[in-house]
Amino acid sequence: MKPIYLDHAATTPMHPAVLEAMTPYFTDVFGNPSSVHSFGRLAHRALNEARERVAAALGCEARQWIWTSGGTESDNLAILGTVAASEGKQHIITSQVEHHAVLYACRYLERQGCEVTYLPVDETGRVDPLDVEQAIRPDTALISIMYGNNEVGTLQPIREIGEIARASGIPFHSDAVQALGLEPVDLSRLPVDLVSFSAHKIEGPKGVGGLYCSPRIRIAPQSFGGSQERKRRAGTENVAGAVGFAAAVERAVARVEHNQMRMNELRRTMIDVWSRELGPQDYVINGHPQFTLSHILNVSFPGVSTETLLMNLDLEGIAAASGSACTSGALEVSHVLQAMKLPSSVTHSAVRFSFGSGNLVEDVEWAASRTAAIVLRMHKK
Ligand SMILES: Cc1ncc(COP(=O)(O)O)c(C=O)c1O
């Protein structure tokens, strides 16, 4: 049996069409887009064409798009940049289930004297918009709530939160790194001011992403040097990466409905196998049953530790993940599952399966069945 990759929330293989689109920009069109000669002008044109294509796919204007090195930098720039430009406002509202690119940027700002409200979530991982409203203060500089969670898939009530932010005149940032390609993200219709994206989650290259920044928002640059990206992000742009991102985002946006349908089928297939092969007490699906990203399936098998299960899956050639960070060889319990206040039997046995376009129903059926066999074997020990 060939290995099965079920960790697309971590990263995806690049689509061959994306690679093909990028290739000339490593070799033929290699100029620095800031150079004034013909080589530079060609690269500059390619970069701006990619910007136009991304903007058209996402429903924004090209000048509202800032190229970055990926989701982490986009999150950092949105948070640090907005607070730095906020003229003394020192309070941020975020949630306990954000990606570390958001949480650690907030922690950094706390050390600089800011105050951060980390909103709780319910047992499905959702933020209550009322909590957002109640947390707002006269000195709130930014609200940052993710679009869809990377560990459990839960979608946040972005529209409601955005409307609250708009009514209070507070900039609203959302990390849509996992949502892109799985949810219809139309920036012209969403009440958001800053949105983070990354190419490698949508069959694009690693090391490139972007930040949508509405014209109403002021951000202070967080890297210093050249005046690229309208002085908002210094550094020579990744031209091939930008072209790859444009190709990937066009594919992703055109396939949202198809992707949702396929991923839901894969999700259902795995759950059906477990319902046949395991007892109802042997597995628990984490996250929201309805408001969820379709490509993420977080499941706990109480009584079998995450580490044991991941190791045994790996031996079978099945690549899955724990949502949590692996530091010094030991798995930390996920901050997301902890925020959902799930019992420790659930937080200590959680595994994330995440699907991509290359996965077939029969592959995930086999993977689910092998997972069930491992769980039953561990119960007998
Ligand atoms: C929700 C979310 N935000 C941000 C990131 C970071 O993106 P990148 O790997 O492009 O820095 C990830 C990647 O795991 C993510 O899932």
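Analyst: A molecule sits in a cavity or pocket if more than half of its atoms lie within 2 Å of its grid points. On a 1 Å grid over the protein atoms alone, a pocket is an open set of points with protein on both sides within 12 Å along at least five of seven lines. This is a predicted model in which local features need pLDDT of at least 70 and side-chain atom pairs count only at pLDDT 80 or more, while totals for chains, interfaces and linings use all residues. Residues are numbered from 1 along each chain as its sequence is written, and side-chain values use heavy atoms, without hydrogens and water.

User: Where does the ligand sit?

Analyst: The shell around the ligand has 13 residues, the closest being Thr-72, Asp-175, Gln-178, Ser-198 and Lys-201. By the definition above, the ligand is placed in the largest pocket.

User: How far is an N or O atom in the side chain of Gln-178 from an oxygen atom of the ligand?

Analyst: A polar contact is a pair of N or O atoms within 3.5 Å. For the side chain of Gln-178 and an oxygen atom of the ligand, the distance is 2.8 Å.

User: What share of the ligand's area does the protein bury?

Analyst: Accessible areas come from the Shrake-Rupley method with a 1.4 Å probe. Taken alone, the ligand exposes 390 Å², of which the protein buries 85%.

User: How many disulfides does the structure hold?

Analyst: A disulfide is a pair of cysteine sulfur atoms within 2.5 Å. Under that cut-off, the number of disulfides in the structure is 0.

User: Which cysteine sulfur is nearest to that of Cys-114?

Analyst: Cys-114 is in no disulfide. At 8.8 Å, the nearest cysteine sulfur is that of Cys-106.

Methods
A residue is near a molecule or strand if one of its heavy atoms lies within 4 Å of it. A polar contact is a pair of N or O atoms within 3.5 Å; within protein, one must be able to donate a hydrogen and the other to accept it, and residues adjacent in sequence count only if both atoms are side-chain atoms. On a 1 Å grid over the protein atoms alone, a cavity is a set of points where a 1.4 Å probe fits but cannot get out, and a pocket is an open set with protein on both sides within 12 Å along at least five of seven lines; lining residues have an atom within 4 Å of a point.
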